[in-house]
Amino acid sequence: MERTFNALLIRELGPGSGYRRPTQTLAARVTPGSPALEVMTDLRRTTPATIRAQAPLAGANQFMITRGVRLLLVVDEREDVLGVITATDILGERPMLVATERGMRRDELTVADIMIPAEQVEVIALPDVAAARVGHVLETLRRAGRQHALVVDFDEIPSSRPLAPPARRAMVRGIFSLSQIARQLGVSVATGGEVARTFSEIEAAIR
């Protein structure tokens, strides 16, 4: 049966227009006993900030400031994750040490020179997070001495060999940020503060 489709009304966009971005509504306040998922940035609903490995290091820092984040996923042209880079990596002493070691100027460094390669990035599996509480996440970050943790789930890739089990490909599903958790706990911490100091402020506030 033949169907008739009418064209949709077309309008002009007009000056001053914006565009929609993925949004995730996080719980306004949490406690250490709240579900861990309430403090996880879910990448199914929020687009992560990414950068290419060949980008200048100074540009990465400016991009973080623009996006209001302190961690970038480093990806290639196929969107495969090559590693991560954080504000601590950029603003700490590592860039100067690497530049000195390689006989380069600091402004010649790229993200690839400073990033943590994917094979060295420690992650948490989503099923473990689903059963955890905010306190578990805080203790995990405290023991690791880090501001961030990545959460992964897995895609199954069918094998090309008969009867062979499918391969598993890790997919970054979420990000935990210590500063975000502090905000949701109602704790005011200095931006870019040391991990130990941030934890001491959190512990003092929730006791």
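**View 1. Just past the end of helix 7, G186 adopts a positive phi of about 85 degrees.** Helices here are DSSP runs (H or I, at least four residues), numbered from the N terminus. This is a predicted model, where local features need pLDDT of at least 70, side-chain atom pairs count only at pLDDT 80 or more, and totals for chains, interfaces and linings use all residues. Residues are numbered from 1 along each chain as its sequence is written, and side-chain values use heavy atoms, with hydrogens and water left out.

**View 2. Helix 7 is mostly covered.**

**View 3. Meet the largest nonpolar core, with 23 residues.** A nonpolar core joins buried Ala, Val, Leu, Ile, Met, Phe, Trp, Tyr and Cys residues through side-chain atoms within 4.5 Å. L138, F176 and I181 touch the most other members. Two or more residues each come from helix 5 (126-130), helix 6, strand 7, helix 7 (178-185) and helix 8 (195-206).

**View 4. Now look at what surrounds I181.** Leaving aside residues up to four places away in sequence, I181 touches V39, V134, V137, L138 and L141; contact means heavy atoms within 4.5 Å.

Definitions and conventions:
Buried < 20%, exposed > 50% of the residue type's maximum accessible area, 1.4 Å probe, protein only.
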